[in-house]
Amino acid sequence: MRNNLWDLIATNDYTGDGHADVLWQHADGKVLVWDIRGGALVGSSLLAVAPDEWRFADSNNFTGDAQADVLWRHDDGRVALWEVSDGALAASAVLGRASASWQIRDTNDFNADGQADILWRNDDGRVSIWQINDGALTATSLVGSPSNAWRFLDTIDFNGDGSDDILWQHNDGRVAIWEISDGALVGGGVIAQARSSWSFWETRDFDGDGQGDILWINTDGRAALWKIDDATLANSSVIAQALGAWGLIA
Amino acid sequence: MSLAAGASNERNLLWRHEDGRIAIWELTNGVLVENAILETVGSVWQLSAAVDCTCDGQEDVLWRHDDGRLSYWELIDGDLISNG
């Protein structure tokens with residue numbers, strides 16, 4: 001895209017070929033899929049034009065067809081889903097509405113049905129999940145009400161039950177996991193405390209055991225990994241230290 | 001974000017030096033097994049996305065220039081195979 005009017009808003013498989021594609025949005029609302037294979041652009045298709053006041057929220061698979069869809073939020077609180085299939089817009093529907101005090105924090109699978117759901121946080125701290133199945137809202141639940149001293153970090157499956165869990169950090173450095181099943185809080189708690197020189201980088205399964213781990217970066221260049229097993233801290237180790245003016249970018 | 005590197009227990013981290021050098025750390029089971037300088041990239045380029053465009057299970061890197069241009073790095077086994 002040879003100008004700055006296009007934003008790269010997501011990368012995911014929108015064509016069902018197993019390759020990641022690139023989703024672009026133009027300042028005028030147009031949304032475009034680039035089909036990239038082997039580093040070459042092999043196809044480009046216009047999905048649709050997002051009307052004014054609808055903002056991109058996230059992209060994930062909400063329908064179980066192994067192709068990513070696109071989630072939108074209106075200024076008035078409505079949430080809409082574009083179902084994408086074979087690089088084209090297959091359906092578009094409003095899922096529901098949540099007042100502006102609710103913000104979408106993440107989309108992930110919180111009921112182990114292989115389809116993404118929506119994680120919400122209210123300005124007052126409350127946490128809610130919308131379970132989505134085949135592109136429709138099937139259940140909403142209040143998961144808990146942590147104080148705003150607890151900051152949402154990420155979601156990943158920390159216990160290998162197929163349902164993604166929620167990672168939090170308190171202003172004092174404590175780190176907590178909420179184990180989620182069927183859209184509800186079923187366990188978890190504080191797993192450890194991180195000193196203030198350590199910043200959360202990401203959750204990923206670094207050891208291939210099907211349970212997410214946590215990567216931290218220190219102001220002194222060290223990177224450290226917390227290996228999580230059954231939603232508890234199994235091992236903490238420094239990977240290495242980048243000495244000098246290095247910053248982690250990916 | 002970090003980069004998927006093939007096997008489920010392999011991931012890569014990318015670091016950028018103030019002078020533009022890009023370094024890669026290759027991790028297996030969360031342990032550093034190799035590190036190398038890949039290339040030098042001007043500050044007008046920002047890392048835009050990690051995306052597996054070749055279906056080899058190894059994520060590649062998309063860079064975006066301040067003027068909107070895109071550049072693509074294909075990474076295989078921690079080596080920069082092609083850029084364009």
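Student: How many helices and how many strands does chain A have?

Tutor: Good place to start. This is a predicted model, and in it chain A has zero helices and 21 strands.

Student: How do I read the radius of gyration of chain A?

Tutor: Set the value beside what the globule rule gives for a chain of that length. A compact globule of 250 residues would come out near 18 Å, and chain A, at 19 Å, agrees with that. For the extents, the C-alpha atoms of chain A fill a box of roughly 45 × 45 × 30 Å along the principal axes.

Student: What does the rule say about chain B?

Tutor: For 84 residues the rule gives 12 Å, and the radius of gyration of chain B is 12 Å, so chain B is as compact as a globular protein of that length. Its C-alpha atoms fill a box of roughly 40 × 30 × 20 Å, again along the principal axes.

Student: What share of the residues is buried in chain A, and what share in chain B?

Tutor: To call a residue buried, we ask for 20 or more other C-beta atoms within 10 Å of its own. By that count, 38% of the 250 residues of chain A are buried. In chain B, buried residues make up 42% of the 84.

Student: Which part of the contacts joins residues 24 or more positions apart in chain A?

Tutor: Take the contacts with a separation of 6 or more; in chain A, 28% of them link residues 24 or more positions apart. The corresponding share in chain B is 17%.

Student: Now the sheets. In what order do strands E1, E2, E3 and E4 of chain A lie?

Tutor: They form an open sheet in the order E1-E2-E3-E4, with antiparallel pairing. Strand E1 (6-12) and strand E4 (40-49) of chain A have a single partner strand each, so they stand at the edges, and one side of each is left without a neighbour in the sheet. On average, neighbouring strands here are turned by 25° against each other, direction ignored. To see one pairing in detail, follow strand E3 (residues 30-37) of chain A, which joins E4(A) over eight antiparallel bridges. There, A:Leu32 stands opposite A:Leu46 in E4(A).

Student: How do chains A and B meet?

Tutor: The size of an interface is often given as the accessible area lost when the parts come together. Here we can count residues instead: 36 residues of chain A are in contact with 37 residues of chain B. Elements of chain A giving two or more residues to that side include E1, E3 and strand E17 (198-204). The residues on this side of chain A divide into 18 nonpolar, 10 polar and eight charged.

Student: Which strand of chain B does E21(A) join through bridges?

Tutor: Three bridges join E21(A) to strand E2 (residues 10-17) of chain B, and the two run antiparallel. Look for A:Leu248, whose bridge partner in E2(B) is B:Trp15.

Definitions and conventions:
Residues are numbered from 1 along each chain as its sequence is written. Chains are lettered from A and ligands numbered from 1 in the order in which they are written. This is a predicted model: local features need pLDDT of at least 70, side-chain atom pairs count only at pLDDT 80 or more; totals for chains, interfaces and linings use all residues. Two strands pair if DSSP finds at least two bridges between them. Helices (H or I, at least four residues) and strands (E, at least two) are DSSP runs, numbered from the N terminus. Axes are lines fitted to C-alpha atoms, for helices over the stretch in contact, and angles run from 0 to 180 degrees between N-to-C directions. The radius of gyration is taken over C-alpha atoms; the globule rule is 2.2 Å times the number of residues to the power 0.38. A residue is buried if 20 or more other C-beta atoms lie within 10 Å of its own, exposed if 12 or fewer, and partly exposed in between; C-beta atoms are placed from the backbone. Two residues are in contact if their C-beta atoms, placed from the backbone, lie within 7 Å. Ala, Val, Leu, Ile, Met, Phe, Trp, Tyr, Cys and Pro count as nonpolar, Asp, Glu, Lys and Arg as charged, and the others, Gly among them, as polar.
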